[in-house]
Amino acid sequence: MSGQLQDLDHLYMQHALRLAANGLYTTTPNPRVGCVIVRDGDIVGEGWHVRAGEPHAEVHALRMAGDRARGATAYVTLEPCSHHGRTPPCADALVKAGVARVVAAMTDPNPQVAGRGLAGLAAAGVETASGVLETEARELNVGFISRMLRGRPWTRIKLAASLDGRIALDDGQSKWITGAPARADVQRWRARSCAMLTSVETVIADDAQLTVRDFEVERQPMRIVVDSRLRVPTDAAILRTPGVLVAAAVDGPNRAALEAAGAEVALLPGQDGRVDLAALLLLLGTRGVNELTVEAGGVLAGALLQAGLADELVLYQAPVLIGRGRAMLDFSLASLSERYAPRVVERRSVGSDLRWTLRFTDPAQAFQA
């Protein structure tokens, strides 16, 4: 490949990725995908996937391009699909339109596709290439890739803590450690998440709904409460919005009342009378949950970390000291050599607070098809 062509491929793929990001809050459980069609140096068609059940990015771009798609190059952030799902195969649509070349940022991890889309295009005489800005494309769909290859969502723990690592006072007071800009920023993480996970202790203490607020969205994330003994109050605020799953370890007399209040109850017994967290994440994977955000106390957050189920930590650190209080992660180590050393992905100021994004999981290593 010539250097000029490589530069152009990067340029147009960057545009396709920007288009794909328009679906950040709407495409679940589908991936976020953008497409740009270029002919003779001009963009003749573009589009992105908006929501499940509607046309894919390639279809929108082809409709815009019309006859100008013949002989053109299509840049797609994810390999065109090759199977009949809710919509027909995009690979077939590209062939029918007479596209001469297709450049994909990455192959589709969906086992129903997994290279078949590009192979079908090549068999039909279309020139193909992949791997252009693959890292950026994977980042955009880290949850979808996780679900396809690991069977469980990308799990992100969100915490707000003081400089001395406390998320609340000993009596549970936590409003507000961080400032208003940080709290508003949290709503965007909720909005892009397929589901929110919390503990019954947090529900009882804070009566939080865990819905997206002050930010316009088309859907609310599913909410899951880890509640080993079914102690969620039937008048809890979290039950006022449909889409609540209560994960329990044992059945109890409160189950019927919770189900009558609109909650689904799933029994997932693990060790020591606790919920099997690994089984819970696999269950969420079968429900189409790509990205899971955890907003809970240190006990559940620490349990996920020690079970190897935490992929990412988003920590809002306020420039305050509160002394004795509740730790942001509750776990213990036998020796200092066992300490966790997550990779720092980003440090950013949000108002007067600092937002850390740290990774326990490296997608480049964990997501090997």
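**Rings, a buried isoleucine and a covered strand**

Q: Why does F360 count as partly exposed?
A: In this predicted model, F360 has a relative accessibility of 25%. Buried would need under 20% and exposed over 50%, so F360 lands in between and counts as partly exposed.

Q: How many aromatic pairs turn up in the whole structure?
A: The search finds 3. One of them is Y25 with F215, at 5.1 Å centre to centre and 75° between the planes.

Q: What makes the Y25 and F215 pair edge-to-face?
A: Check the distance, then the angle. The centres are 5.1 Å apart, and the limit for a pair is within 6.5 Å. The planes are at 75°, and over 60 degrees counts as edge-to-face, so that's the label.

Q: What makes this a link between distant parts of the chain?
A: Y25 sits in the loop between α1 and β1, while F215 is in the loop between α8 and β9, 190 residues apart. As for cover, Y25 has 23% relative accessibility, so Y25 counts as partly exposed.

Q: Why are Y340 and F360 called edge-to-face?
A: Their ring centres are 6.3 Å apart, which is within 6.5 Å, so they pair. Their planes are at 85°, over the 60 degrees needed, so the pair is edge-to-face. Y340 lies in the loop between β14 and β15, and F360 in the loop between β16 and α12, so the pair ties together parts 20 residues apart in sequence.

Q: What makes I224 buried?
A: I224, in strand β9, has 0% relative accessibility, which is under 20%, so I224 counts as buried. Leaving aside residues up to four places away in sequence, I224 touches A195, M196, L197, T198, L245, L280, L284 and L292.

Q: How do you know that strand β13 is mostly covered?
A: Count the residues: 5 of its 6 are buried.

Q: What makes β6 and β16 pairing partners of β13?
A: Pairing takes at least two bridges. β6 and β13 share 6 bridges in the parallel sense, and 6 bridges also join β13 to β16, running antiparallel. Look at Q317 in β13: its bridge partner is A161, and Q317 also stands opposite L354 in β16.

Note on methods: Residues are numbered from 1 along each chain as its sequence is written. This is a predicted model: local features need pLDDT of at least 70, side-chain atom pairs count only at pLDDT 80 or more; totals for chains, interfaces and linings use all residues. Side-chain values use heavy atoms; hydrogens and water are left out. Rings of Phe, Tyr and Trp (its six-membered ring) pair if their centres lie within 6.5 Å; planes under 30 degrees apart count as stacked, over 60 as edge-to-face and the rest as tilted. Helices (H or I, at least four residues) and strands (E, at least two) are DSSP runs, numbered from the N terminus. Buried means under 20% relative accessible area, exposed over 50%, partly exposed in between (1.4 Å probe, protein chains only). Contact means heavy atoms within 4.5 Å.
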